[in-house]
Amino acid sequence: MSCYSNLSPFPCVQCGLCCQRVSLAEETRSLDRGDGTCLHYDAASKGCRIYNDRPDICRVDLQFERHYSQHYTWEGFVELNLAVCHQLIAEEECR
């Protein structure tokens, strides 16, 4: 059992924008269906068709535990991720 199992859930607003920008990060480019959008993204639901089996890179809590817990608190990590979320939303509103 992970020592991080009691983390509060990531406050995702389920806008789907991170799933529509997988080509922007090296870690997620392999998920690109050819137009920058994740090949598992469902536009109708703005969600993941394989959510329960999604890749590790798509699991915010797992990424925190494996790569960032030595550098940030969970709250700080969430804040940084939310800043990116807000930036994606703002860019989408300007389109």
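This is a predicted model: local features need pLDDT of at least 70, side-chain atom pairs count only at pLDDT 80 or more; totals for chains, interfaces and linings use all residues.
User: Which residues of α1 are buried?
Analyst: Leu62, Gln63 and Phe64 are the buried residues of α1. Buried means under 20% relative accessible area, exposed means over 50%, and partly exposed is in between, with a 1.4 Å probe and protein chains only. Helices (H or I, at least four residues) and strands (E, at least two) are DSSP runs, numbered from the N terminus.

User: What covers them?
Analyst: The cover over the buried residues of α1 includes α2 (74-93). Contact here means heavy atoms within 4.5 Å.

User: Aromatics next. How many aromatic pairs in the whole structure?
Analyst: Six. Rings of Phe, Tyr and Trp (its six-membered ring) pair if their centres lie within 6.5 Å; planes under 30 degrees apart are stacked, over 60 edge-to-face, and the rest tilted.

User: Why does the pair of Tyr68 and Phe77 count as stacked?
Analyst: Because the ring planes of Tyr68 and Phe77 are at 25 degrees, with the centres 5.0 Å apart. Tyr68 is partly exposed, at 32% relative accessible area. Phe77 is buried, at 7%.

User: And Trp74 with Phe77, what kind of aromatic pair is that?
Analyst: Tilted, with 40 degrees between the planes and 6.2 Å centre to centre. Both Trp74 and Phe77 lie in helix α2, three residues apart, about one turn of the helix. An α-helix has 3.6 residues a turn, so residues three or four places apart point the same way.

User: Trp74: buried or exposed?
Analyst: Trp74 is buried, and Phe77 is too.

User: Which residues do the ring pairs link into a cluster?
Analyst: Phe64, Tyr68, Tyr72, Trp74 and Phe77.

User: Switching to charges. How many salt bridges?
Analyst: The count is four. A salt bridge is a side-chain nitrogen of Lys or Arg within 4 Å of a carboxyl oxygen of Asp or Glu.

User: What does Arg66 pair with?
Analyst: Arg66 forms a salt bridge with Asp56, the closest N and O atoms being 2.8 Å apart. This pair links distant parts of the chain: Arg66 is in helix α1, Asp56 is in the loop between β2 and α1, and they are 10 residues apart. Asp56 is partly exposed, at 34% relative accessible area.

User: And Arg33? Which residue is its salt bridge partner?
Analyst: Asp35, with the closest N and O atoms 3.0 Å apart. Arg33 is partly exposed at 48%, and Asp35 is partly exposed at 47%.

User: Which residues are linked in a network of salt bridges?
Analyst: Arg21, Glu92 and Arg95. Glu92 is partly exposed, at 30%, whereas Arg95 is exposed, at 73%.

User: Now Arg59. Where is it?
Analyst: Arg59 sits in the loop between β2 (47-48) and α1 (60-68).

User: What is the nearest side chain of opposite charge to Arg59?
Analyst: Asp56, 4.1 Å away. Arg59 is buried yet has no salt bridge. Lys and Arg count as positive, Asp and Glu as negative; His and the chain ends are not counted.

User: What else does Arg59 touch?
Analyst: Tyr51, Asn52, Asp53 and Arg54, not counting residues up to four places away in sequence. A polar atom of the Arg59 side chain lies 3.3 Å from the backbone oxygen of Arg54.

User: What does Arg54 lie over?
Analyst: The face of Tyr51, at 3.9 Å from the ring centre. A charge sits over a ring if NZ of Lys or CZ of Arg is within 6 Å of the ring centre and within 35 degrees of the ring normal.

User: Last one. Where is Gln20?
Analyst: In the segment before β1 (41-42). Gln20 is partly exposed, with a relative accessible area of 25%.

User: What does Gln20 touch?
Analyst: Cys15, Gly36, Thr37 and Tyr41, leaving out residues up to four places away in sequence. The side chains of Gln20 and Tyr41 are joined by a polar contact of 3.1 Å. A polar contact is a pair of N or O atoms within 3.5 Å; within protein, one must be able to donate a hydrogen and the other to accept it, and residues adjacent in sequence count only if both atoms are side-chain atoms.

Methods:
Residues are numbered from 1 along each chain as its sequence is written. Side-chain values use heavy atoms; hydrogens and water are left out.
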